[in-house]
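Biologist: I am new to this structure. Show it to me, and let me ask what stands behind each word you use.

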Protein chains: 2
Amino acid sequence: MADQEHSRCENCIIRQMNSFKALKKEELKRMSDSKETRSIKKGESIFREGEHLSGVFCVREGISKLSKMSENGRDQIVKLATKGEVLGQRSVIASERTNLSATALEDMEVCFIPKNHIEDSLHNNPHFTNAVLKHMAAELKFADDFIVNMAQKTVRQRLAEVLLYLEQHFGEDADGYLYLQLTRSDMADVVGTATELCIRTLTKMKKEGNISSAGKRIKIENRNALSRIAEGID
Amino acid sequence: MADQEHSRCENCIIRQMNSFKALKKEELKRMSDSKETRSIKKGESIFREGEHLSGVFCVREGISKLSKMSENGRDQIVKLATKGEVLGQRSVIASERTNLSATALEDMEVCFIPKNHIEDSLHNNPHFTNAVLKHMAAELKFADDFIVNMAQKTVRQRLAEVLLYLEQHFGEDADGYLYLQLTRSDMADVVGTATELCIRTLTKMKKEGNISSAGKRIKIENRNALSRIAEGID
DNA sequence: CAAAAAATATGATTTTTGTCAGCTCTGGTT
DNA sequence: AACCAGAGCTGACAAAAATCATATTTTTTG
């Protein structure tokens with residue numbers, strides 16, 4: 001199918017959300033001519049750890065998890081990426097195989113952009129390079145904070161933090177439930193614990209009245225209490 | 001005291017080890033005219049979390065720890081930085097306060113470089129910007145791997161890994177002991193555990209014959225065994 | 001709709017980790 | 001040599017987390 005007007009990079013609103021906003025009209029046009037839009041079903045993989053990427057993926061719709069299998073055989077989710085995020089950027093910049101796997105948590109729509117476009121713009125467009133640099137700086141800070149949390153906080157603290165994060169970043173549905181419905185297993189993989197302990201800890205939070213649930217769906221009932229838990233006060 | 005020949009950036013060997021190798025002669029000359037060499041004694045702080053930096057610190061000699069205090073009141077060491085590393089780069093790029101504290105683990109010599117030099121070169125020298133970008137990409141990968149390890153490995157596994165890291169990156173002295181003599185407390189802060197458990201775990205490794213020690217100094221006796229421990233095989 | 005599969009949940013137990021108290025060793029100072 | 005401070009170490013106990021087993025509920029699918 002030929003590209004519609006609305007699916008051309010020049011007209012894409014998504015690019016306002018990432019480093020691509022620093023690209024010039026011409027760069028965008030060229031990019032748009034060779035880009036390729038892909039639909040990815042919930043549960044499908046976008047790429048796997050150790051793959052060699054020939055380009056990056058710009059997320060237009062849906063949410064994905066970026067995870068890595070530890071030597072112990074358990075998965076750790078390092079990041080949740082949504083609309084506007086560019087997946088695979090680090091690997092392309094470093095000319096390395098991917099360090100993480102990307103998997104769709106919902107049905108997704110992503111644009112694949114061949115890496116030569118990225119490389120060219122990194123060489124010729126300082127605005128773009130600086131935008132990417134700032135973005136990487138932000139990611140690095142996020143990662144450092146993540147390290148400190150994983151190392152120093154209890155599962156209960158981390159879980160409270162994740163719930164607040166999910167609310168802040170993905171919002172809630174019409175009924176007030178967290179929009180992103182992570183399985184307990186995925187939630188455990190974010191928190192870095194076993195599924196059972198994740199469930200038990202959620203149960204305790206329910207009993208305390210800080211959250212409620214309907215099936216896998218979770219509602220935050222007491223934001224402040226969760227913040228206090230995350231800080232280790234409760 | 002006036003700058004000697006050998007302390008001018010143009011002639012400094014250290015810059016071959018970091019992004020500064022991408023700087024042009026002129027940039028280096030200007031940088032050298034406004035840089036300032038500082039001696040920092042073991043235990044002293046280079047900067048503290050939350051400070052506003054007016055420049056970056058290029059490490060010429062000595063080793064420092066980059067750490068952050070968690071809300072629980074315990075310190076987590078996120079990185080050990082040595083000769084060639086540039087401290088404060090992320091904060092300057094992001095125009096933010098520092099996210100980490102930097103403290104000397106040995107007597108150090110660092111060059112303070114006012115941030116306008118960095119900012120100018122980021123705007124005008126694409127080679128430099130790309131070098132910094134690649135460096136940040138490497139740091140980000142390191143951080144992601146660190147997250148996975150902290151989240152999924154036991155203290156014993158992480159400690160084995162740290163010992164091997166210390167050997168690989170800082171080498172050993174004439175007697176075969178690890179060159180960098182971390183206190184047990186600092187070692188615990190890298191591993192993300194309490195000092196007591198760190199000591200107990202070291203003791204166990206001694207009994208197993210995988211390491212030996214003399215005072216605070218540690219010698220690796222069985223590299224392969226430690227590797228296996230790190231991988232969770234033993 | 002019913003069966004099967006997957007996800008959620010709970011109990012019992014073991015292992016790992018944290019905490020508190022106190023002891024010992026070492027290196028430096030007077 | 002005596003003293004001291006700080007680091008290293010150990011024991012006893014408490015708390016947190018992992019593991020295994022086994023329901024129960026929800027979702028998927030034939």
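Modeller: This is a predicted model. Start in chain B, where helix 6 meets helix 7. Helix 6 of chain B brings B:Arg184, B:Ser185, B:Met187, B:Ala188 and B:Val191. Helix 7 of chain B answers with B:Thr195, B:Cys198 and B:Ile199.

Biologist: Now chain A. Why is A:Leu53 called buried?

Modeller: A:Leu53 has 21 other C-beta atoms within 10 Å. The cut-off for buried is 20 or more. The count meets the cut-off, so A:Leu53 is buried.

Biologist: Where does A:Leu53 sit, and what is it in contact with?

Modeller: A:Leu53 lies in the loop between strand 2 (45-47) and strand 3 of chain A. Beyond its neighbours within four places in sequence, A:Leu53 touches A:Phe47, A:Gly88, A:Ser91, A:Val92, A:Thr98 and A:Lys115. A:Pro114 is 61 residues away from A:Leu53 in sequence, yet the C-alpha atoms are 9.0 Å apart.

Biologist: How do you know that strand 3 and strand 6 of chain A pair?

Modeller: Two bridges join strand 3 of chain A to strand 6 (residues 86-87) of chain A. Pairing needs at least two bridges, so these strands pair. They run antiparallel. In one of these bridges, A:Cys58 has A:Val86 as its partner.

Biologist: How many bridges join strand 3 of chain A to strand 8 of chain A?

Modeller: Six, again in the antiparallel sense. A:Phe57 stands opposite A:Phe112 there.

Biologist: Back to chain B. What makes strand 1 and strand 6 of chain B edge strands?

Modeller: Four strands of chain B form an open, antiparallel sheet in the order 1-8-3-6. Strand 1 (36-40) and strand 6 (86-87) of chain B each have a single partner strand, so one side of each has no neighbour in the sheet. Strand 1 of chain B pairs with strand 8 (residues 108-114) of chain B over five bridges. B:Arg38 is bridged to B:Val110. Helix 3 (residues 115-124) of chain B packs on this sheet, touching strand 3 (55-61) and strand 8 of chain B. The directions of helix 3 and strand 8 of chain B make about 60 degrees.

Biologist: Which residues come nearest to DNA strand C?

Modeller: A:Arg184, A:Lys216, B:Thr154, B:Val155 and B:Thr193, out of 18 residues around DNA strand C. Helix 6 (184-191) and helix 7 (195-207) of chain A, with helix 5 (155-170) and helix 7 (195-207) of chain B, each give two or more residues to that surface. Helix 7 of chain A has the largest share, five residues.

Notes. Residues numbered from 1 in each chain as written. Chains lettered and ligands numbered in written order. Predicted model: local features only at pLDDT ≥ 70, side-chain atom pairs only at ≥ 80, totals over all residues. Contact = placed C-beta atoms within 7 Å. Axes fitted to C-alpha atoms, helices over the stretch in contact; angles between N-to-C directions. Near = placed C-beta within 6 Å. Buried ≥ 20, exposed ≤ 12 C-beta atoms within 10 Å, placed from the backbone.
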